[in-house]
Structures are given as C-alpha cells and as structure tokens.
Amino acid sequence: VRRRVRGMLARPEFRLPPPEQSLSDQRALTSRWLQLVADEGIGAIAFPREYGGQDDWPGFIAAFETIAQHDISLAIKFTVHFGLWTACLTLLGNEEQARRYLPGAADLSLPGCFALTEIGHGSNARELETTATYDPAAGGFLLHSPHFDAGKNYIGNAARDGRVAAVFAQLVTQGRNHGVHAFAVPIRDEMGNVLPGIRIEDNGPKMGENGVDNARLWFDGVRLPRHALLNRLGGVTADGTYASPLASANARFFATISALVGGRIAIAAAAIGASKVGLLIAVRYARRRRQFRAPGAREETPLLDYPTHQRRLLPPLAELYAVHFAHQHLVHRRATVAAGTVDAAAAREVELLAGGIKAWASWHCTRTLQACREACGGEGYLSVNRLPALKADSDIFTTFEGDNTVLMLWIGRHLLAEAERSTPAADPLPDDEPGRWEALFADRVRTMLTGASGRGQGALFRAAGAHLEAVLLARFNAALAAVTDPALVEPLAALRDLFALCRLEEGRGWFLEHGRLEPAEARGLPGRVDALCARLAPLAPALVEAFGLSEASIAAPIAPPA
C-alpha cells in the first residue's frame with residue numbers, strides 16, 4: 001500500500017505548491033487531490049468488501065501516514081471523509097444506510113463530515129447540547145442547536161465541500177433523553193447550496209492545514225426522516241419507542257463515539273509521518289553541512305559529528321522508532337477488535353492505547369520538529385525547506401481528536417480504577433539490562449498508582465505518562481525480538497537502549513527518590529546516552545532512509561538524496 005501511494009504522489013499533479021498559495025487555492029488544490037486519491041480507490045481500502053473495499057484497516061492507516069508525509073492537509077481531509085464519516089456509517093449505521101451512502105463516499109460524489117465537537121463542549125462530548133427530538137406525528141426528528149455555543153465547531157470538509165455530515169446529538173423521544181447518537185444529515189444539495197435551516201460559518205485561515213475547509217454548523221429545527229438515525233446501537237420505532245441492544249446508557253455512549261478510536265490512531269500516524277520527514281531532512285542536512293574546523297583538520301566538521309547536535313537529533317529518532325513500533329501494534333490490535341474476535345475488555349484496551357499513543361506521538365512530533373528546525377538553523381526557517389509547514393500543520397495534533405492533557409487524565413483515571421481493584425506485586429528484576437529497564441518502568445507505574453487516589457490530577461497525569469513509557473519500551477522489545485535479520489539487530493538494539501536510557505535520564509529523580517537506581521548509576525546516565533549517540537551517529541542516515549520516504553514528499557532543497 002505504501003509503495004502504491006508513493007507512486008501516486010510522485011505524479012506531476014501532486015507536486016507540492018509554493019507556500020504563498022491563497023486560502024481558496026489551497027482548499028481547491030486539496031479537493032482536487034482528494035478526488036484523485038478517490039479515483040485510485042485508495043480511500044475505500046478499509047471499506048467492507050461488499051461495498052467495493054478491501055476490509056484492510058492496517059492498509060488504510062499505512063496509506064494515511066504516507067499521504068501525511070506528503071501533505072498534512074490532504075491527509076486530514078482524507079481521514080475526515082474516508083475515515084471518520086464512513087466509520088460512522090459502518091460502525092453505527094445499518095445495512096440500508098451503508099448501501100445508501102457508501103458508494104457516494106467511495107467515489108467522493110457525496111463528500112462527508114464528522115460533526116461531534118461543539119463550541120461550548122470540546123472534549124466533553126457526553127454533555128453536547130445539540131438535540132434531535134423525535135416527532136411521532138411527522139415520523140421524524142427535529143435537529144436543533146439551542147444557542148450559539150451548541151454549534152458544531154471545527155468541522156473538516158464543511159466550509160466548502162461537504163454535502164452530508166454525521167451529526168452527534170442528544171436523542172430525545174417521549175420526553176426522555178437517551179444520550180448521544182449519530183445522525184446522517186444532508187447539509188448541501190447537489191449544486192453545493194446550503195440547505196434550509198442550516199447555517200455554516202467558515203472558520204477561516206488557521207495556523208496550518210489551510211487546505212482543510214473547517215467550519216461551524218448550527219441547526220435551526222432541521223427536519224430529518226427517522227432513517228437518518230444511525231441506529232445500530234439504538235433506534236426509535238414509528239410511535240417513538242426507543243430500543244437499544246445495550247442496556248446501559250454509559251455503554252451506549254462509549255460505543256457511539258467508537259469512531260474516535262480510528263481518528264486518534266490516524267492522528268498518531270500523521271504525527272509519526274511528519275516526524276519521519278522532519279528527522280530525515282535534519283539528518284540529511286547535518287550529514288552534509290559543515291561548520292568549524294578541528295585543529296589540524298583539512299575540512300570543516302559535519303554537524304552530525306558534534307555531540308551536541310547528536311543529542312538534538314538521535315534521542316528523538318530513537319523515540320520515533322519506539323512510537324512507530326507501538327503504533328503498528330495498536331493498528332493490528334484495532335483491526336482484530338473491529339473484526340469482532342475479542343471481548344469488550346480488549347476493545348477498551350485499544351481505546352485507551354489509541355488515546356495514549358495519539359497523545360505521545362503528537363507531543364513527540366511537536367518537540368521533534370522544533371528540534372529539527374533549530375538543527376537546520378536559518379535554512380530550517382525557510383518555507384521552501386518544508387519544516388515550517390510541517391510544524392504549522394502538525395501543531396493541531398496535540399488538541400485534535402481529544403486534547404492530550406484530557407486524554408492523559410482519562411488514562412490515569414482508568415489505571416487508578418484498575419489498580420484499586422487489583423494491583424499485582426512487582427516481579428523480581430531480570431538479570432539482563434533491557435529486561436530490567438522494562439521491569440523498572442512497569443514497577444514505577446504500580447508505585448505511582450499506589451495511594452494515588454486523592455492526590456490530584458497531577459498524580460494521574462504522571463502515572464499515565466509513566467504507563468505509556470512502559471508500553472513503548474515493551475513494544476520496542478517485542479519488535480526487536482521478532483527481528484530475523486542479524487544485520488538489523490545491533491542498530492535496533494542500540495536505538496532501544498538509547499530510548500530507555502533517555503527516559504531513565506529524564507526520570508532519574510523519581511528512580512533515585514524511590515531507591516530504584518543507585519546514585520552512581522544515575523550519575524552515569526548522561527555519559528551513557530552521549531556514548532550511544534556517538535555510536536549511532538554514523539548510522540543515522542541509514543536509520544532515516546529506512547523510513548522509505550519518497551523524494552517527491554521530502555521536497556526540501558537542503559535535504560537532497562545522497
């Protein structure tokens with residue numbers, strides 16, 4: 001799938017435009033590109049086979065990450081339509097609704113939106129205020145935004161192109177609120193005219209991703225037929241009786257917003273893709289750019305030979321490999337859950353992991369692209385060298401599809417609840433150092449959770465971060481254990497070691513305070529990290545070229561191929 005998408009993006013019509021493009025031109029170009037992607041059948045990869053797809057969720061995420069490496073606006077518009085909108089149809093709708101909408105989704109003749117977030121209720125989706133009240137006399141729903149703050153906000157594809165939206169609203173029937181449900185709501189006619197009762201306000205220019213047409217939506221008593229309700233998880237009969245296969249309102253809510261899991265996995269993939277491009281540009285530049293001459297040397301020294309420069313780029317590179325392996329594991333776990341072969345507890349595990357890796361990958365991306373920009377000096381500040389656009393377009397990832405801080409607190413609360421039910425005792429530390437690191441990280445999570453109740457949000461936030469560090473190291477170890485090519489074991493093991501030692505160095509205060517590290521060992525961590533950076537520096541060019549990025553997507557004059 002990656003090779004197929006790279007081949008498509010290398011075509012002349014996908015050449016990246018000049019940075020000074022107008023807002024309207026950026027949006028028009030992104031729309032043209034999305035149509036070309038649809039024409040290639042790439043968007044429908046994850047669709048059910050009976051609707052022309054391949055049931056290939058990992059392939060869809062691979063395509064998405066590859067597109068994000070080329071242009072993040074295109075990637076986001078791609079996942080809003082082919083990911084979020086169609087996920088609502090396949091996960092929340094019935095077969096008749098899938099037959100009605102998926103063909104138009106596949107060929108992009110019916111562009112879709114995902115309208116969950118409200119102006120006054122960003123992360124708190126359970127309390128959103130848009131209502132869909134069933135009227136038995138009319139045989140349908142009345143969709144309404146009761147005030148300004150109940151407007152849907154930041155809805156991708158809505159300002160220019162969208163014709164239908166998955167709108168999340170409180171379902172009210174027979175005087176009772178049954179919680180958040182999704183509805184398929186037409187917002188424009190075939191000519192692109194906004195339909196009666198719907199107000200669309202363009203969000204306007206943004207810090208980045210200006211190829212995506214975001215807007216606010218309000219509904220003024222819009223009448224919907226009964227079949228507009230995506231009713232797999234809850235439906236209303238003609239007389240207004242509500243029925244659901246899930247007895248618990250809480251279970252219905254989490255199942256209803258399950259489409260967010262795919263969105264968070266996609267955002268993590270985009271963050272990983274942007275980090276790969278940034279690090280490749282910075283490492284290529286650092287290999288060829290020379291500055292200052294060592295005593296007796298005939299040539300100036302390449303930037304990549306300086307220990308301070310190695311410290312800038314190699315720890316983020318090691319962390320990127322760790323995030324990549326954890327994300328790959330998540331993608332395949334989510335595919336298993338979607339196939340219905342695991343229980344609800346496993347589905348919940350995937351939800352939590354998706355939120356955590358999305359948070360970690362997006363924060364890592366923000367830090368890494370800043371480091372890459374600085375490592376390229378003034379050249380990294382020039383728009384032509386891609387880094388400014390990567391920084392601007394990816395910055396939203398930290399609050400997109402869930403604010404990272406809110407996600408971390410959610411994970412922390414879940415971990416605390418699990419710990420209060422049953423906290424296993426710490427296992428003896430293994431003799432091998434990588435195994436010891438993994439055990440240390442897992443033990444830190446258990447220790448942090450012991451008595452965390454009542455210690456405030458800070459304790460939960462820190463426990464969630466420690467948990468994710470343990471997950472990343474465990475997934476790196478698992479990936480390394482699966483390597484069969486002996487030539488790859490040594491560099492990957494060195495990257496794993498660098499990741500673990502950097503995290504230990506970052507958290508050595510905690511490990512010292514709790515007696516998990518000896519003072520001499522803690523003092524030696526910076527030197528060990530420096531030594532590993534020096535050892536990996538000659539391999540850094542190969543480690544970034546291993547991402548397999550296409551030259552058409554790198555497109556940075558300061559980073560020509562070797």
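This is a predicted model: local features need pLDDT of at least 70, side-chain atom pairs count only at pLDDT 80 or more; totals for chains, interfaces and linings use all residues.

I begin with the second largest pocket, where helix α11 gives the most to the lining, with four residues. Residues are numbered from 1 along each chain as its sequence is written, and side-chain values use heavy atoms, with hydrogens and water left out.

Helices (H or I, at least four residues) and strands (E, at least two) are DSSP runs, numbered from the N terminus. A pocket is defined on a 1 Å grid over the protein atoms alone, as an open set of points with protein on both sides within 12 Å along at least five of seven lines, whereas a cavity is a set of points where a 1.4 Å probe fits but cannot get out; lining residues have an atom within 4 Å of a point. Grid points are joined across faces, edges and corners, and a volume is the space filled by probe spheres set on the points.

With that in hand, the second largest pocket holds about 900 Å³ of space, and of its 36 lining residues, Gly-122, Ser-123, Arg-264, Glu-401 and Gly-402 lie nearest its centre. At least two lining residues come from each of α4, β4 (152-155), α6 (249-256), α7 and α11 (404-421). The lining divides into 19 nonpolar, nine polar and eight charged residues, where Ala, Val, Leu, Ile, Met, Phe, Trp, Tyr, Cys and Pro count as nonpolar, Asp, Glu, Lys and Arg as charged, and the others, Gly among them, as polar.

How many cavities of 30 Å³ or more does the structure hold? There is one, and the largest cavity has about 40 Å³ of space. Leu-92, His-181, Ala-182, Leu-230, Leu-233 and Thr-256 line this largest cavity, and they divide into four nonpolar, two polar and no charged.

Let me turn to helix α4 (residues 72-92), in which Thr-79 lies. Is Thr-79 buried or exposed? Thr-79 counts as buried because its relative accessibility is 6%, given that buried means under 20% relative accessible area, exposed over 50%, and partly exposed in between (1.4 Å probe, protein chains only). Leaving aside residues up to four places away in sequence, Thr-79 touches Phe-60, Phe-64, Leu-84 and Ala-266, contact meaning heavy atoms within 4.5 Å.

A nonpolar core is a set of buried Ala, Val, Leu, Ile, Met, Phe, Trp, Tyr and Cys residues joined through side-chain atoms within 4.5 Å. The largest one has 159 residues, of which Ile-76, Phe-78, Phe-168, Tyr-321 and Leu-498 touch the most other members. Helix α7 (residues 259-288) gives the most to this core, with 19 residues.

Finally, the aromatic rings: those of Phe, Tyr and Trp (its six-membered ring) pair if their centres lie within 6.5 Å, with planes under 30 degrees apart counted as stacked, over 60 as edge-to-face and the rest as tilted. A search of the whole structure finds 18 such pairs. Phe-141 and Phe-183 have ring centres 5.1 Å apart and planes at 70°, so this pair is edge-to-face. The pair links distant parts of the chain, 42 residues apart, with Phe-141 in strand β3 (residues 140-144) and Phe-183 in strand β6 (residues 176-186).
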